[in-house]
Amino acid sequence: MNQLSVFDFRGYRDFLKAWLQHEGKSLRQVAGEAGVTASFLSQVLSAKRSMTPGVFQKLTILMKLAPREQEFLWLMVELSDGESIDVREKAFKDLSKFKEY
């Protein structure tokens, strides 16, 4: 099985969807393992809700992401879901420092 890399994605939702497919896991299964409802996770993936730091942490543990991968993915969350333009601009600036971006 090929390794899936977070650095190949430009949106955190796209990465999460690809990871689910790559791992052959259902949304309901992952939601249960992360301690959230499948409805919440579905709404995050469809951009109807924003990712929360707590759920993000649980998901990255399930995905077994290295610290650098976690940082990259969180910056994509902030770029997408940041509450202000300042948060989104800082996330973009910080993402630009990653040679993979």
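Leucine 95 sits in helix H6, where helices (H or I, at least four residues) are DSSP runs numbered from the N terminus, as are strands (E, at least two). Leucine 95 counts as buried because its relative accessible area is 0%; buried means under 20%, exposed means over 50%, and partly exposed is in between, using a 1.4 Å probe and protein chains only. The model is predicted, so local features need pLDDT of at least 70 and side-chain atom pairs count only at pLDDT 80 or more, while totals for chains, interfaces and linings use all residues. Residues are numbered from 1 along each chain as its sequence is written, and side-chain values use heavy atoms, with hydrogens and water left out.

Next comes the nonpolar core. A nonpolar core is a set of buried Ala, Val, Leu, Ile, Met, Phe, Trp, Tyr and Cys residues joined through side-chain atoms within 4.5 Å. The largest one here has 33 residues, and those with the most contacts inside it are Tyr12, Phe15, Met51, Leu59, Met63 and Leu73. At least two residues of this core come from each of H1, helix H2 (27-34), H3, H4, H5 and helix H6 (85-96). H1 gives the most, with 6 residues. In soluble globular proteins, nonpolar side chains tend to be buried together. Leucine 73 shows what its surroundings look like: leaving out residues up to four places away in sequence, leucine 73 touches Val6, Tyr12, Phe15, Phe56, Thr60, Met63 and Leu65, where contact means heavy atoms within 4.5 Å.

The packing also leaves some gaps. A search of the whole structure turns up 2 cavities of 30 Å³ or more. On a 1 Å grid over the protein atoms alone, a cavity is a set of points where a 1.4 Å probe fits but cannot get out, and lining residues have an atom within 4 Å of a point. Grid points are joined across faces, edges and corners, and a volume is the space filled by probe spheres set on the points.

The largest cavity has a volume of about 50 Å³. Its lining is made up of Leu16, Trp19, Leu20, Val30, Leu41, Leu45, Leu59 and Met63. Helix H1 (12-23), helix H3 (38-45) and helix H4 (53-63) are the elements that give two or more residues to this lining, and H1 gives the most, with 3 residues. Sorted by type, the lining of the largest cavity has 8 nonpolar residues, no polar and no charged. In this sorting, Ala, Val, Leu, Ile, Met, Phe, Trp, Tyr, Cys and Pro count as nonpolar, Asp, Glu, Lys and Arg as charged, and the others, Gly among them, as polar.

The second largest cavity has a volume of about 30 Å³. Around it are Tyr12, Leu16, Met51, Phe56, Leu59, Thr60, Met63, Leu73 and Val77. Here H1, H4 and helix H5 (67-81) each supply at least two lining residues, and the largest share, 4 residues, comes from H4. This lining divides into 8 nonpolar residues, 1 polar and no charged.

Aspartate 81 belongs to helix H5, and it counts as buried because its relative accessibility is 16%. A polar atom of the aspartate 81 side chain lies 3.2 Å from the backbone nitrogen of methionine 51. Apart from residues up to four places away in sequence, aspartate 81 touches Tyr12, Arg13, Ser50 and Met51.

Between H2 and H3 lies valine 36, which is buried because its relative accessible area is 19%. Valine 36 touches Ala31 and Val55, not counting residues up to four places away in sequence. The loop between H3 and H4 holds threonine 52, which counts as partly exposed at 31% relative accessibility. In the loop between H4 and H5, lysine 64 has a positive phi of about 55° although it is not a glycine. Lysine 64 is exposed, with a relative accessible area of 72%.

Methods. On a 1 Å grid over the protein atoms alone, a cavity is a set of points where a 1.4 Å probe fits but cannot get out, and a pocket is an open set with protein on both sides within 12 Å along at least five of seven lines; lining residues have an atom within 4 Å of a point. A polar contact is a pair of N or O atoms within 3.5 Å; within protein, one must be able to donate a hydrogen and the other to accept it, and residues adjacent in sequence count only if both atoms are side-chain atoms.
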